[in-house]
Amino acid sequence: MEIFKKGLVLLVLTANQALAQNADKPSGYVSEVWSPDLGNGKYKNPIINADYSDPDAIRVGDDFYMTSSSFNHAPGLPILHSKDLVNWTIINHALLQQYPLDIFSKVQHGNGVWAPSIRYHNGEFYIYYGDPDFGIYMLKTKDPKSDWSEPVLIFEGKGLIDPCPFWDEDGKAYLSFAYAGSRAGLKSVVAVARLNYAGDKVLDKGVIVYDGHELDPTIEGTKLHKRNGYYYLFAPAGGVATGWQLVLRSKNIFGPYERKVVLEQGKSPVNGPHQGAWVDTQTGEDWFVHFQDKDAYGRVVHLQPMKWVNDWPVIGVEKSKKGTGEPVLEYKKPNVGKTYPVVNPAESDEFNTPWLGKQWQWQANPDGTWLMPGNNGALRLYTKKTPEGTKNLLDVPNILTQKFPADNFMATVKIKFLGNEKIENERAGFAVVGQDYSQLFIRNTKQGQNLVYGVCKKGLANGKETELQVTSVKPNQYIYLRVKVTDGGKCNWFYSLDDKKYTAVGDTFIAQPGKWIGATLGLYAIRDNQINDSGYADIDWFRVEAVK
């Protein structure tokens, strides 16, 4: 079995090198649609206007690193890097494929990697994450831009989520965590377990140290720190879209803990500001990274100033309540001793190299036969047979996705489809994917190729897709497919034969979030039957631009 697993890992690494390799490739991408650096010494929130949910961040020397939950998508656990906490790039993924491998070869909406923690200890980077169906995993590396270890299941059990390790100065180690009510039958509590010093095994089942049922329902997302003799548990409470940031403190790691709400929405427009990371700068400033739930746009990342008053943190700016902050929309950039260039997470991809941009993820573990990157300046997607019992596109594992990058943007793909003449209903397309989805796709039939517009409502509840034939397409002809997304997740589709004149298709579609994630932009090539070969789609480029 071990030999089989290693062989499968090598296969995926080879075929999916675009997603797993080239971590050292330099990036200077500047987005047309969202950049938080205002260029005048200030920044605006969100610092990343995309679905990097449950963010955690650390500083190591002059570098900041961030990771986030990735649920069922592979590769998972994105690694982002910044020099100033405002300008971020994606440099790697820590988890090349989801474990257990066979489980995540199928689409598992909302399962997989829940809120992680990233830490630096004894010269190594550690990430801990909870899978609510299997337990808490750990993986590590000496270089976050390079390969990470395979995940080790350090705490097996149902409903164990949101872990954070802590190494005390006396040589003891601990792990804070929470429970997912859907699996454990209990939520709104946080616990602490003893951890071995190597960080790869818990020494007990842990004890509940705080019960939030009365004051802090749905407390979760723990981050464990120590300062001035106090142990601190930073934890969100009150629900994803409506909650607040809580901090607990105690002189004993097992409690009892005092509580204080240190950040809440107040009169700001930033709903549910919570769950994230306390980080400091080289100059001694304190900052807090957190998310805001924006429905179809996912959980976007904000940066708040932070200060300590009487051994309690205050996050954001105090307004209506003393000791409790509210989120800022604009603020002075962190003082990191230098000024760094504007740079943003990549969005567009010209597909000119053997590597895809780090923004791309599959809906499930890839099997090695889905793509050929950098094929004469194009991405080649081979059609793959849909799984047995497929109800709609949401059951398809080989959808190459990336996150919505802003409230308003325009995404265009230049694509041609070379179908296998022996396969009826082979197709390739471009979709906006959520619990509802819409798409434009090219279908291969005995009569030729057609461009089709499809819409599916309640897709996660096995909804059926409705289709509208748009126009015929000449074989081996590039066609341009475009979606314009505007405030509120309004999506309007267009196509063009020359990238100049674009024709509108269908009605306005309102994007919906997926399971625990925002809507995504997806590229795919599929078929319904299996023969000894496949057709393929060639994608010359994918571009994200400002709405015209």
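Okay, let's start with Val113, which sits in the loop between S5 and S6. Quick word on labels: strands here are DSSP runs of E, at least two residues long, while helices are runs of H or I of at least four, all numbered from the N terminus. And this is a predicted model, so local features need a pLDDT of at least 70 and side-chain atom pairs count only at pLDDT 80 or more, whereas totals for chains, interfaces and linings use all residues. Residues are numbered from 1 along each chain as its sequence is written, and side-chain values use heavy atoms, with hydrogens and water left out.

Back to Val113. Is this residue buried or exposed? Val113 is buried, at 0% relative accessibility. By buried I mean under 20% relative accessible area; exposed is over 50%, and partly exposed is in between, with a 1.4 Å probe and protein chains only. So what does Val113 touch, leaving aside neighbours within four places in sequence? The contacts are Ser69, Ser70, Phe71, Leu77, Leu95, Gln98, Tyr129 and Gly130, where contact means heavy atoms within 4.5 Å. As for Val30, which is 83 residues away along the chain, its C-alpha atom is 28 Å from that of Val113.

How confident is the predictor? pLDDT is its confidence in each residue, from 0 to 100. The protein averages 94, and 95% of the residues score at least 70. Residues 1-26 stay under 50, and for that stretch the model has 46 contacts beyond four places in sequence.

Now the strands on either side of that loop. S5 belongs to an open, antiparallel sheet of four strands, ordered S2-S3-S4-S5. Pairing needs at least two DSSP bridges between two strands. Why do S2 and S5 count as the edges? Strand S2 (56-60) and strand S5 (88-95) each have a single partner strand, so one side of each is left without a neighbour in the sheet. Neighbouring strands in this sheet are turned by 25 degrees against each other on average, direction ignored; the axes are lines fitted to C-alpha atoms, for helices over the stretch in contact, with angles running from 0 to 180 degrees between N-to-C directions. Inside the sheet, S3 (residues 63-67) and S4 (residues 76-82) run antiparallel with three bridges, and Tyr65 has His81 in S4 as its bridge partner.

S6 runs antiparallel to S7 (residues 124-131), and six bridges join them. His121 stands opposite Glu124 in S7. The S6 and S7 hairpin has two residues between the strands, and Asn122 takes a positive phi near 50 degrees there.

Let's jump along the chain to S36 (residues 490-496). S36 is mostly covered too: five of its seven residues are buried. One partner is S35 (residues 479-486), antiparallel over seven bridges, with Arg482 opposite Phe494 in S36. Those two make a hairpin with three residues between them, and Gly488 in the turn has a positive phi of about 85 degrees. S36 also pairs with S37 (residues 503-510), antiparallel over five bridges, and here Cys491 stands opposite Phe509 in S37. In the S36 and S37 hairpin there are six residues between the strands, and Asp499 has a positive phi near 65 degrees.

For Cys491, the nearest cysteine sulfur is that of Cys456, 15 Å away. Cys491 is buried at 0% relative accessible area, and Cys164 is buried at 0% as well.

On to the cores. A nonpolar core here is a set of buried Ala, Val, Leu, Ile, Met, Phe, Trp, Tyr and Cys residues joined through side-chain atoms within 4.5 Å. The largest has 47 residues, and Phe430, Val432 and Phe542 touch the most other members. Strand S30 (residues 409-418) gives this core its largest share, five residues. There's also a second, separate core of 24 residues, including Val190, Ala237, Leu248 and Ile517.

Last stop, Gly238, in the loop between S15 (230-237) and S16 (244-250). Gly238 is buried, with a relative accessible area of 18%. Not counting residues up to four places away in sequence, Gly238 touches Pro217, Thr218, Gly243 and Trp244. Gly212 is 26 residues away along the chain, with 9.4 Å between the two C-alpha atoms.

Notes: Disulfide = S-S within 2.5 Å. pLDDT = per-residue confidence, 0-100.
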